[in-house]
Amino acid sequence: MNISINSMEDLFRYGHLLPHIVLVDIDKRIGDWLASGGSIEDPYIKQQFRYAERFIKKVKKND
């Protein structure tokens, strides 16, 4: 399974593959960033997408 998370839509699409606590953490981090004046295009948001992607790949690899 080749998963690529590059947008909020991708995160929602693959969110069911993440443990609830991880998805909630990523959502909170993104929400806090945006509430503080950040943009959805900022590197910090892309970092959160990469974290979700790596987490899913690691879990799938161990299955």
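Me: In which helix is the place of Glu53?
Reply: This is a predicted model, in which local features need pLDDT of at least 70 and side-chain atom pairs count only at pLDDT 80 or more, while totals for chains, interfaces and linings use all residues. Residues are numbered from 1 along each chain as its sequence is written, and side-chain values use heavy atoms, with hydrogens and water left out. Helices (H or I, at least four residues) and strands (E, at least two) are DSSP runs, numbered from the N terminus. On that numbering, the place of Glu53 is in helix α3.

Me: Does Glu53 count as buried or exposed?
Reply: Buried means under 20% relative accessible area, exposed over 50%, and partly exposed in between (1.4 Å probe, protein chains only). The relative accessibility of Glu53 is 16%, so Glu53 counts as buried.

Me: Which residues is Glu53 in contact with, leaving aside its neighbours within four places in sequence?
Reply: Contact means heavy atoms within 4.5 Å. With neighbours within four places in sequence left aside, the partners of Glu53 are Ile3, Ser4 and Ile5.

Me: Which residues does Ile5 touch, not counting those up to four places away in sequence?
Reply: Ile5 is among the residues with the most contacts inside the largest nonpolar core. Beyond four places in sequence, Ile5 touches Asp10, Leu11, Tyr14, Phe49, Ala52, Glu53 and Ile56.

Me: How many residues has the largest nonpolar core?
Reply: A nonpolar core is a set of buried Ala, Val, Leu, Ile, Met, Phe, Trp, Tyr and Cys residues joined through side-chain atoms within 4.5 Å. Ile5, Leu11, Leu18, Ile26, Ile30, Phe49 and Ile56 have the most contacts inside the largest one, and its residues number 14.

Me: Which element gives the most to this core?
Reply: Two or more residues come from each of α1 (8–14), α2 (20–35) and α3 (43–62). With four residues, the element that gives the most is α3.

Me: Are α2 and α3 roughly parallel or antiparallel?
Reply: Axes are lines fitted to C-alpha atoms, for helices over the stretch in contact, and angles run from 0 to 180 degrees between N-to-C directions. The axes of α2 and α3 cross at roughly 175° and come within 10 Å. Angles under 35 degrees count as roughly parallel, over 145 as roughly antiparallel, 65 to 115 as roughly perpendicular and the rest as oblique. Therefore α2 is, relative to α3, roughly antiparallel.

Me: Which residues in α3 do those of α2 meet?
Reply: The α2 side consists of Val22, Ile26, Arg29, Ile30 and Trp33. In α3 they meet Tyr44, Ile45, Gln48, Phe49, Tyr51, Ala52 and Phe55.

Me: Is Gln48 buried or exposed?
Reply: Gln48 lies in helix α3. Leaving aside neighbours within four places in sequence, Gln48 is in contact with Ile26, Arg29 and Ile30. Its relative accessibility is 5%, so Gln48 counts as buried.

Me: Is Phe12 buried or exposed?
Reply: Phe12 has its place in helix α1. Because its relative accessible area is 61%, Phe12 is exposed.

Me: Which residues does Lys46 touch, not counting those up to four places away in sequence?
Reply: Lys46 is found in helix α3, and with a relative accessible area of 27% Lys46 is partly exposed. Beyond four places in sequence, Lys46 touches Asn6, Ile40 and Glu41.

Me: How far apart in space are Lys60 and Gly31, C-alpha to C-alpha?
Reply: Lys60 is found in helix α3. Along the sequence, Lys60 and Gly31 are 29 residues apart, and in space their C-alpha atoms are apart by 27 Å.

Me: Which element of the chain has the highest mean pLDDT?
Reply: pLDDT is the predictor's confidence in each residue, from 0 to 100. The chain averages 94, and 98% of the residues score at least 70. Among the elements, the lowest mean is that of α3 (93), and the highest (97) is that of α2.
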